[in-house]
Amino acid sequence: MPATAQYWIDHLNLQPHPEGGYYKEVFRSQNEVTRAGATALKQAVTSIYYLLEGRDFSGFHRLASDELWYFHKGAPLHIHVIDHEGNHTIIELSDTQTGSLQAVIAHNTWFAAQISSVTGFTLVSCAVAPGFDFAEFEMAKKNELLAQYPQHADLLDRLCRE
């Protein structure tokens, strides 16, 4: 079985993602839904393949929708989550005894991801419901997050792109 990042990038036709890594959208539901209290129609769900390798990372960002992550192959992935109260938790996505095969990130929650060993690669899928829309995607501004969560300065210095 091929075990390189480049194999999966080529095989799945992945493209660079603005938050880091590589991705390809593989599903966008034709069903439409509305959020509670809203009137705009959204696709019910979208799904992507997402790959990180080595020292690359998914920079801190948040979405207006819930996101589910599913582990497929590679090294353990750490998803760093900062909740609304400023608590930092790490979710390990992996097929090891310490990991989980899936994780849920609640909407409007700051999160980032990195390969815990900073070697190899990780291939996952991400499903967003209601569906992903770049207009509802917000990359963190490091200075703003540092002002809000100074206790996480080391983490934010490492995993913020701006």
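**Figure 1. Strands E7 and E12 run antiparallel and are joined by eight bridges.** The model shown here and in the other views is predicted. Within this pair, Glu-67 has Val-128 of E12 as its bridge partner. Strand E7 covers residues 66–74, and strand E12 covers residues 121–129. Strands of a sheet pair through backbone hydrogen bonds, in a parallel or an antiparallel sense.

**Figure 2. An open sheet is formed by six strands.** Their order is E1-E2-E5-E12-E7-E10, and the pairing is antiparallel. The edges are strands E1 and E10, each of which pairs on one side only. Among the members of the sheet, E2 spans residues 22–28 and E5 spans residues 46–53. Strand E1 consists of residues 15–16.

Figure 3. Four bridges link E10 to E7, and the two strands pair in the antiparallel sense.

**Figure 4. Strand E11 is largely enclosed by the rest of the structure, because six of its six residues are buried.** Trp-110, Ala-112 and Gln-114 point one way from the strand. Phe-111, Ala-113 and Ile-115 point the other way, and these residues are buried as well. E11 runs antiparallel to E6, to which three bridges join it. In that pairing, the bridge partner of Phe-57 is Gln-114. E11 also runs antiparallel to strand E8, residues 77–82, with six bridges between them. Here Val-81 has Phe-111 as its bridge partner.

**Figure 5. The largest pocket has a volume of about 200 Å³.** Rolling a probe the size of a water molecule over the atoms shows where empty space is left. The lining of this pocket consists of 17 residues. His-17, Tyr-23, Ile-48, Glu-67 and Phe-132 are the ones that lie nearest the centre of the pocket. Strands E2, E5, E6 and E12 each give two or more residues to the lining. The largest share, four residues, is that of E5. By residue class, the lining divides into nine nonpolar, four polar and four charged residues. Glu-67, listed among the residues nearest the centre, is also the bridge partner of Val-128 in E12.

**Figure 6. The peptide bond from Ala-129 to Pro-130 is cis.** Its omega is near -15°. Pro-130 is located in the loop between E12 and strand E13, which covers residues 137–139. Most peptide bonds are trans, and most residues other than glycine have a negative phi.

**Figure 7. Asn-13 and Val-118 have positive phi values, although neither is a glycine.** Asn-13 has a phi near 55°. Asn-13 is found in the loop between helix H1, residues 5–11, and strand E1. With a relative accessible area of 44%, Asn-13 is partly exposed. Val-118 has a phi near 50°. Val-118 belongs to the loop between E11, residues 110–115, and E12. Val-118 is also partly exposed, and its relative accessible area is 27%.

Technical notes:
Residues numbered from 1 in each chain as written. Predicted model: local features only at pLDDT ≥ 70, side-chain atom pairs only at ≥ 80, totals over all residues. Heavy atoms only, no water. 1 Å grid on protein atoms, 1.4 Å probe; cavity = no way out; pocket = protein on both sides within 12 Å on 5 of 7 lines; lining within 4 Å. Points joined across faces, edges and corners; volume = space filled by probe spheres on them. Nonpolar A, V, L, I, M, F, W, Y, C, P; charged D, E, K, R; others polar. Pairing = 2+ DSSP bridges. Buried < 20%, exposed > 50% of the residue type's maximum accessible area, 1.4 Å probe, protein only.
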